[in-house]
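Student: Before we start, I would like the terms tied to their cut-offs. Please show me the model.

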Amino acid sequence: MGKKVKKDEKPPPDDVFDTLAVESRNAGTVVLMLSSPEEDVQSKACEAIYKFVSKCDENKKQLLDLGAVEHLLALMQSEDKIVRRNACMAVGVMTAHPEVRKYLRKQETTFPALVNLLAPDEDTVCHEFSALALSNMATEFSSKAAIFENGGVEPLIRCLVANDPDVQKNSIEALALLLMDYQTRAAIRDLDGLSPMLEVLKSDYAIIQKLALLALERASQDGENRSALRELEAISKLIDFVAHPEWNDLHVMAVMVLSNLLEDLESLELIKETGGLKRLVALITDQVPVDEEPKGGKGDKGDKGGKGSRNAKKSAKESAKCNHGTSAKKQESADSSEPPSGEAIIPTLPDVKMCAAKAICRSARSSENRKILHEQESEKMLIHLLSHESFEVQAAAAQALAVMAENLASRDSVREWEGLGPLIKMLGSENLSVKEAATLALANLTTANSNNCQEIQTLNGIEPLITCLVDGREDAVANAACVLTNLAQIETLRVDAQNKGVVRALIEPLSSRNVTVQSKVALAVAAFVCDFDSRENFRQSDGIAPLIGLLSSGNDEVRRNAAWAVTVCAVDEPTATEICKLGGMEILQEIQMSSTRRSPFAEAALQKLLDNNLSAKYALTGNLSSTNFIENGFYDIGQLRPGTKFLTLEEYAKQEMNEKRPIILINAKPDPAFSQTQSQAELDAKQESSKTSVTGKNSRTGRDSKTVIRKNDFEVKREKPHSRERSGSKKTRKQQEREEKQREEELQAQLQREAEAISAAENKPFEAPCDSTLLKYIEEVTEKIQPLPTTREQVKALAGFVAEKMGGSIERGQLSNFGWELPISQIKYELKSNVVPLGKIKAGIHVHRALLFKTLADKIAVSCSLVRGEYNRAWNEVLLPEEEYSLEDVLFAFSPTPGAPKFPPKTYIVDLIHEPGSLLRVDTPEAQTYKKI
């Protein structure tokens, strides 16, 4: 060993301060050190601050309050690399605090300094923390715009190819946030940033892969970016990514990127040509992809052959393993580094399957895409996913099938591939989202497809659909109603659904507040209440009231469908009467008076309602056409004033008698009281005759026997006082108490009977008063007038008959002297009611005679109309051919045969007042005078 030589240490110059080692535990002191002119001090102070702020968020806020951020910003632009690096580290960590980010956004030098630190010649640590700061700052929109304006996108893209994974992570995270802005999406394509993003997917770190997929998902929302990604073979790379089972937690995001890419028709065509779609389907369904079928045929045989070939390949591989042993293992280990091929069965997570189904759903929004997806048999994958145990997967697959069903060919394919069965099974699911998606798919699959409708019945799907009407969320109810409406187009299915209670089930959803439910259910009601029994069931189940309530909806579609349902319901008279009773007619009138809500559907509903409730029609319009036949139960209340509600006959009959015009009733039926009296008299006569025939005595014998009975009774009564006199006083008191008690019981029983009689009378259903006189009129005209040879003769004879029954003819100008009001008032007083049967009126004017003429004419098939005028005027119009052709017409006109009637027929008014039977041409002054005062 050599001898140690002591080094000569020169003392520092006199003008230099000796080295001072300072130990400080106060943050304020360290902040002051940032202002030191010595770079070494600045560097150490920045390093100390970095360590301090990395501990907790409170430290970041403390240093911000001490003004450290301002000094750190200045030091980030220092000429010394170490100072810049340490200052950048401190700022990068501090940007995690929102107050620090708020302060930095207000500083103009913040973003230029951070972007400059991403330069290639800067230290890797500067790249890491500068990118971290930008990613933290990019969480606010204003910062995104500032980073873009200061050219921060390009250096961030450049950092994606760095060797340091932290730099890659922070850079891709910053870009993912910046891609939320549409400007960055366009810029990243122009700066060739898509290719580095795809390369980052190969990283060994899951967080980097996740952020890269997030950035690609946002970038692929731009159409031009999708085109650029197709050129970079992004679809194949993403499918390869999904094929790696060790990355299964990232498969969802990869499928989301694929979902965006598959929106374009070009992407679908590309994936079709490369076979990527079938490979993707195999990965999602955990199945081996089906081989291409031979061109010569299509069916089960081809499938079986495909399976056999795959089995052969599998057995060949197994035999190769047995033969080669170690070499096979080496080959297997070599292949393990590459992504598995599409032939491999790779299990995928439920979320991945759900996202794949949603990707198909998004892509299928376009008709061209649906066509390609159908050609690639995407429906098979979706049907397979319907049986998955996850509710989310089932719902997503059903929604995708609903969109695919917009393609006509797909509807048949789903049925052929047995996809309807799983959908019907899903109707009973406890998950409401699954039930909603299943009903939506069935609604689209049954639209304009009778085979699918029949298949649903075969699979017993009608009852679950009816159950969905009352047990499901609102969208499921609307979809189920839509499916049932489609089924109702086939009569056998409609009857089957009616027998299973669909009409009653539709009533509750009518009261829903959801306009979609209201619209679809109203349409379903119109489809199912198309026969008498279903209408009666609907009416008795109180379904009319909620249906009428929909007429007042503010939604046009709801009002239209409700009006259509009312049109169908109002076909028969009982339902039409119920609709009028509940105010449906007034609502329809109000709709038609509105300039914004009126529609042909409301007009048709109102017309149908009036055609089947002639009393209301005559009261509202004052006109009954020749096709409107008056039947029993018709009543004329006069012209109904605007805003007045049309009441039922029962309601008018219960009103107190007033001085207004009577309600004229048509009810040609025999009087039940008279019929009962007559039948009782006939019965008594038969009994009397039977007594005479048995005893052989006359009626006087019967009177003698009655007399004997009376005498015996008298003798018995006379004996009773003597017996009471002989009885003791105690017995008499007991008898009196017994008699008093008996009388009280009889009185209570009588009061109870009276109360029961009163309640029975109140609960007795209303019966319109019968009109036996009108019945006789009908029998008489049927016997005498109907056999007449021509309609003209029938009209004239009927006019004379009506005038005779209503007080005879009245001379012109003497109508005011014709006393008709007092007799009608007397009839009202006798009946104690405002309702007067027409047959009881013996003195009537225009309005009474015209009504009687129309009633009788309808009974003998004489076509005529009834028109109401003003001031109790009414008249009948008939269509009759003119008189026979004259000789002059035969000579100078083209007449088929002499004596034939002239056509076309002309309209006449029938005179029932002045010259009964006279026919007045409508366009003559006489007719106009007849119609007016």
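Tutor: Helices (H or I, at least four residues) and strands (E, at least two) are DSSP runs, numbered from the N terminus, and the expected span of a helix is 1.5 Å times one less than its number of residues. This is a predicted model, in which local features need pLDDT of at least 70 and side-chain atom pairs count only at pLDDT 80 or more, while totals for chains, interfaces and linings use all residues. Residues are numbered from 1 along each chain as its sequence is written, and side-chain values use heavy atoms, leaving out hydrogens and water.

Student: How many helices and strands does the protein chain have?

Tutor: The protein chain has 51 helices and 8 strands.

Student: How do you know what span is expected of helix H14?

Tutor: H14 covers residues 206-219, which is 14 residues. At 1.5 Å a residue the expected span is 20 Å, and H14 reaches 20 Å from its first C-alpha to its last, close to that value.

Student: What makes H14 mostly covered?

Tutor: Buried means under 20% relative accessible area, exposed over 50% and partly exposed in between, with a 1.4 Å probe and protein chains only. In H14, 10 of the 14 residues are buried, among them Ile208, Leu211, Glu217 and Arg218. The buried residues of H14 pack against helices H11, H12, H13, H15, H16 and H17.

Student: Why is Val167 called buried?

Tutor: Its relative accessibility is 1%, so Val167 counts as buried. Val167 lies in helix H11.

Student: Which residues does Val167 contact, leaving aside its neighbours within four places in sequence?

Tutor: Contact means heavy atoms within 4.5 Å. With those neighbours left aside, Val167 is in contact with Thr124, His127, Glu128, Cys159 and Ala162. Ser130 is 37 residues from Val167 in sequence, and their C-alpha atoms are 9.1 Å apart.

Student: Why is H4 called oblique to H6?

Tutor: Axes are lines fitted to C-alpha atoms, for helices over the stretch in contact, and angles run from 0 to 180 degrees between N-to-C directions. H4 (residues 68-75) and H6 (residues 98-106) pack at about 55°, with their axes 11 Å apart. That makes H4 oblique to H6, because angles under 35 degrees count as roughly parallel, over 145 as roughly antiparallel, 65 to 115 as roughly perpendicular and the rest as oblique.

Student: Which residues meet between H4 and H6?

Tutor: Val69, Glu70 and Leu73 in H4 meet Val100, Tyr103 and Leu104 in H6.
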